Amino acid sequence: MNGDGKKNATSEAQFVLLGFSDWPQLELVLFVVILMFYLMTLTGNLFIIILSYLDSHLHTPMYFFLSNLSFLDLCYTTSSIPQLLVNLWGPGKTISYTGCMIQLYFVLALGSTECVLLMVMSYDRYAAVCRPLHYTVLMHPRFCHLLAVACWVSGFTNSALHSFFTFLVPLCGHRQVDHFFCEVPALLRLSCVDTRANELTLMVTSSIFVLTPLILILSSYGAIARAVLRMQSTTGLQKVFGTCGAHLMVVSLFFIPAMCIYLQPPSGKSQDQGKFIALFYTVVTPSLNPLIYTLRNKDVRGAVKRLVGELEQGWNMA
């Protein structure tokens with residue numbers, strides 16, 4: 001009896017992340033592809049952070065927020081991808097109760113923070129294009145730091161609310177999470193009680209953190225588009241389209257999948273479809289962000305040339 005009690009206690013302290021176990025033939029392929037994207041994410045985002053720190057020409061509000069986005073993407077992918085790789089590689093697909101709780105908190109916190117940060121980045125572009133004479137006043141370094149802190153605090157506060165209410169919900173006998181990481185909708189499906197209040201709270205806060213930033217981002221770019229149409233300089237037009245086009249692409253890659261997951265009723269989508277959508281915005285999008293922002297970016301190319309030149313000069317002197 002003591003052995004059974006111990007076994008039950010152990011099983012209750014763990015969740016099973018089913019992930020892609022319905023497609024065992026795909027698991028090895030997924031492992032290789034996801035590992036490649038994860039390494040791209042680490043390399044690309046670390047490159048942006050280090051380059052922005054080392055090159056004084058990139059000490060601007062745009063690259064300050066871009067460095068925050070890169071650090072955020074590093075943390076966001078690391079909160080779920082290593083666990084997914086372990087589960088895809090081996091037969092065991094368990095995660096401890098504490099590990100699940102921590103993962104849920106950080107995935108939701110970092111996702112919420114990214115929504116707000118992308119909104120702040122769009123305001124920075126609006127100020128640069130539409131209020132160029134007042135830009136240095138509007139985007140003062142102290143104000144930029146306050147905006148960044150506000151992004152992180154709001155995201156982590158929102159996650160604390162959802163994590164607290166999610167883990168108060170009593171769960172049924174089995175602990176099989178039909179997803180590849182611990183997320184709120186998947187855990188609510190394990191509940192033995194009515195979770196409509198939790199689902200409504202999730203829908204409301206998701207609307208605040210997804211729809212509100214998206215509306216403000218589109219408003220900013222509407223104003224930018226009007227300002228661009230009045231521009232006479234071809235060089236100015238190209239620069240605006242380069243930076244703003246990259247940001248809009250990142251916004252689309254992040255917000256469209258997020259809306260598909262969090263702004264639909266639980267019965268409105270296939271769980272398998274939800275896994276692949278989540279796989280896209282947790283694995284693919286963070287790896288593409290550095291490429292989108294750095295390709296055809298003259299500032300970054302110039303910073304790389306300066307850094308390479310300094311390294312060569314250092315080697316020659318040595």
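Lys-275 forms a salt bridge with Asp-178, with the closest N and O atoms 2.7 Å apart. Lys-275 lies in helix H11 (residues 271–294), whereas Asp-178 sits in the loop between E3 and helix H8 (184–188), so the pair ties together parts that are 97 residues apart in sequence. The relative accessible area of Lys-275 is 0%, which makes this residue buried. Asp-178 is partly exposed, at 28%. The model is a predicted one.

In total, 5 salt bridges were counted. Another joins Arg-306 to Asp-55, and here the closest N and O atoms are 3.0 Å apart. Arg-306 belongs to helix H12 (residues 298–317). Asp-55 is found in the loop between helix H2 (24–54) and helix H3 (61–78). The two parts tied together by this pair are therefore 251 residues apart in sequence. Arg-306 is partly exposed, with 31% relative accessibility. Asp-55 is buried, with 8%. A further salt bridge links Asp-124 and Arg-125, whose closest N and O atoms are 2.9 Å apart. Both Asp-124 and Arg-125 are buried.

Aromatic contacts were examined next. A pair of aromatic rings is described by the distance of the centres and the angle of the planes. The structure holds 17 aromatic pairs. In one of them, the ring centres of Phe-20 and Trp-23 are 6.4 Å apart and the planes meet at 45°, so the pair is tilted. Phe-20 is buried, at a relative accessible area of 1%. Trp-23 is partly exposed, at 21%. Tyr-105 and Phe-156 make an edge-to-face pair, with 5.8 Å between centres and 70° between planes. This pair links distant parts of the chain, 51 residues apart: Tyr-105 is in helix H5 (residues 97–130) and Phe-156 in helix H7 (residues 141–166). Tyr-105 is partly exposed, at 23% relative accessibility. Phe-156 is also partly exposed, at 22%. Ring pairs also join Phe-20, Trp-23, Phe-180, Phe-181 and Phe-276 into a cluster.

The strands complete the picture. In a regular strand the side chains alternate between the two faces of the sheet. Strand E1 (residues 14–17) has a covered face formed by Phe-15 and Leu-17. Its uncovered face carries Gln-14 and Val-16. E1 pairs with strand E2 (residues 94–96) in the antiparallel sense, over 3 bridges. Within E2, Ser-96 is the bridge partner of Gln-14. E1 also pairs with strand E3 (residues 176–177), here in the parallel sense and over 2 bridges. Gln-176 of E3 stands opposite Val-16.

Notes. Residues numbered from 1 in each chain as written. Predicted model: local features only at pLDDT ≥ 70, side-chain atom pairs only at ≥ 80, totals over all residues. Heavy atoms only, no water. Phe/Tyr/Trp six-rings, centres within 6.5 Å; stacked < 30°, edge-to-face > 60°. Buried < 20%, exposed > 50% of the residue type's maximum accessible area, 1.4 Å probe, protein only. Helix = DSSP H or I, 4+ residues; strand = E, 2+ residues; numbered from the N terminus. Pairing = 2+ DSSP bridges. Salt bridge = Lys/Arg side-chain N within 4 Å of Asp/Glu carboxyl O.
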